[in-house]
Amino acid sequence: MKNLDPQLVWAFAGVLGLLAVSSLIGLVLKTAIKKPEAQATISNLNARIGAWWIMSAIFALTLVIGPVGSLVLFGLMSLLALREYVTLLPTRRADHRTLFWAFFIFTPLQYCLIGIQWYGMFAILIPVYAFLFVPTRMAIAGDTGAFLERASTLQWGLMICIYCLSYTPALLMLKIPNYGRPAKLMLYLVLVDQLSDVLQYVWGKLLGRHKIAPVISPNKTWEGFVGGIATATAIGAALWWMTPFSPAVAAAVSLTITCMGFAGGLTMSAIKRDRGVKDYGTLIKGHGGILDRMDSMCFAAPVFFHIVRYFYVR
Amino acid sequence: MNILAGLIAGAARLISGVNVRWIDSEPDPRQTVYFANHTSHLDFVVLWSSLPAAIRARARPVAAQDYWERGLRRAVAVNVFHAVLVARRQAQPAPDPREAIDHMVEAMGSDNSLILFPEGTRGTGEEVAAFKSGLYYLCQRKPELRLVPGYLSNLNRILPKGEFLPVPFISRLTFGPPITLKADESKAEFLERARETLCRLRNL
């Protein structure tokens with residue numbers, strides 16, 4: 001229980017309150033609104049809230065267990081995300097063993113490097129070693145058809161699903177003077193990023209009129225974007241007490257997290273449209289797959305990590 | 001053995017990430033032959049694990065005797081899956097095909113279902129090969145028999161022919177509406193119709 005510092009407990013109490021209020025609103029909407037055209041949206045909303053309860057419980061549990069819990073959780077999420085991603089790729093029979101390396105050698109290795117706090121190798125394992133290994137192994141396999149496409153799409157998947165995602169638990173490596181254990185910094189990132197997604201959805205459903213990128217994502221609107229980013233940034237600023245930042249810096253950092261998160265959602269949606277699928281998977285009820293939920297984290301986490309590391313770690 | 005079967009079914013669903021869809025069709029406890037395309041050693045266990053538990057308990061795979069006959073494989077095949085082991089045509093000495101049909105009819109009894117891969121052997125995943133005649137002869141013996149097609153996607157990517165280590169992909173299993181043998185249908189017509197029914201599920 002040594003990981004339970006009071007700020008962490010307060011933040012989780014806040015999450016619990018938020019979930020309770022959301023469930024209540026979901027229940028009221030379900031009983032009050034009988035219009036058939038709204039039914040699908042409301043039942044999807046309730047499915048999403050139900051999934052949030054489960055996701056929050058899992059995240060809280062792994063955070064309490066300590067760094068190993070977080071590493072196992074994010075390691076599994078990387079594997080599941082990569083599985084969703086490669087399913088959409090034009091892989092061939094000859095790629096089988098390269099893929100095996102990606103899943104069962106590089107993914108565990110990346111998270112082990114965080115576990116042993118070897119930052120120098122953590123930062124280059126995927127962008128240098130895996131980057132060079134993938135095309136080499138494919139060349140050895142001997143199938144040259146669509147070679148560059150196969151190699152580069154897999155390299156890209158490793159960067160997103162393993163490298164970028166692993167930056168979230170990598171925060172646990174940081175030694176910030178006068179701050180204590182960085183577990184609450186990880187919670188802060190996840191909170192601001194995921195709240196931004198949720199609030200963009202809420203503002204979009206309430207006020208959304210003008211589509212921001214109709215070709216890529218019919219659900220993203222200017223009203224959702226501005227409202228979601230503004231409120232999530234405000235919440236991020238108000239949570240400055242659980243970070244090493246001043247309130248003003250917390251606002252700037254939160255704005256960066258939310259904008260990177262938006263970029264992630266947009267980019268990962270573009271891939272879905274290219275491949276002609278609506279969601280990456282069906283694992284999380286109401287949300288889609290792991291990549292549908294973590295797309296914003298993949299873009300926000302590395303930038304957040306490097307901001308903190310550059311300005312706050314000596 | 002029920003617990004073991006449940007564990008195996010759960011593991012199979014986890015490894016294959018299978019997304020099961022019933023299109024114009026639904027799980028039905030009546031005696032049925034589930035027939036599917038064959039590209040991977042995982043095909044049977046994934047299809048079997050995707051059936052509701054009550055139906056699964058009565059669904060027996062038809063498997064090649066030469067592959068499943070020895071040691072541990074046989075123990076699992078017979079005790080957990082209640083496999084119906086039949087000799088393949090290339091076996092030595094060449095088996096009497098009617099004997100295999102007799103064996104299947106007997107194994108079905110009055111309420112068991114079968115899981116059958118009518119291509120007879122694993123393909124590459126690109127095309128569904130022509131069906132062997134067994135399906136037709138089985139229907140001749142049991143004219144009212146329901147045949148439910150199930151198209152398996154991506155299992156050849158998880159564990160292709162010739163590989164021994166699986167790689168995770170999300171697979172998909174699409175069941176379609178049942179067909180039965182028509183009274184005036186020839187063997188070739190029926191087998192081709194069954195094959196087309198299965199192939200149509202591929203892009204749904």
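**A buried serine, an interface and ring pairs**

Ser196(A) counts as buried because its relative accessibility is 1%, where buried means under 20% relative accessible area, exposed over 50% and partly exposed in between, with a 1.4 Å probe and protein chains only. The model is predicted: local features need pLDDT of at least 70 and side-chain atom pairs count only at pLDDT 80 or more, whereas totals for chains, interfaces and linings use all residues. Residues are numbered from 1 along each chain as its sequence is written, chains are lettered from A and ligands numbered from 1 in the order in which they are written, and side-chain values use heavy atoms, with hydrogens and water left out.

Ser196(A) belongs to helix α8 (residues 183-207) of chain A; helices (H or I, at least four residues) and strands (E, at least two) are DSSP runs numbered from the N terminus. Apart from neighbours within four places in sequence, Ser196(A) is in contact with Ala232(A) and Thr258(A), contact meaning heavy atoms within 4.5 Å.

Between the two chains, 15 residues of chain A are in contact with 20 residues of chain B. The buried area is about 1400 Å², with 58% given by carbon and sulfur atoms; this is the accessible area (1.4 Å probe) that two parts lose on being put together, summed over both. The interface of chain A and chain B has 2 salt bridges, defined by a side-chain nitrogen of Lys or Arg within 4 Å of a carboxyl oxygen of Asp or Glu. Arg97(A) forms a salt bridge with Glu163(B), and their closest N and O atoms are 3.0 Å apart. On the side of chain A that touches chain B, α3 (67-87) and α4 (96-115) of chain A each supply at least two residues. The largest share of that side, 6 residues, comes from α4(A).

Over all chains there are 28 aromatic pairs. Rings of Phe, Tyr and Trp (its six-membered ring) pair if their centres lie within 6.5 Å; planes under 30 degrees apart count as stacked, over 60 as edge-to-face and the rest as tilted. Phe245(A) and Phe304(A) form an edge-to-face pair, 6.3 Å centre to centre with 90° between the planes. Phe245(A) lies in the loop between α9 (222-238) and α10 (247-275) of chain A and Phe304(A) in helix α11 (residues 290-312) of chain A, so the pair ties together parts 59 residues apart in sequence. Both Phe245(A) and Phe304(A) are buried.
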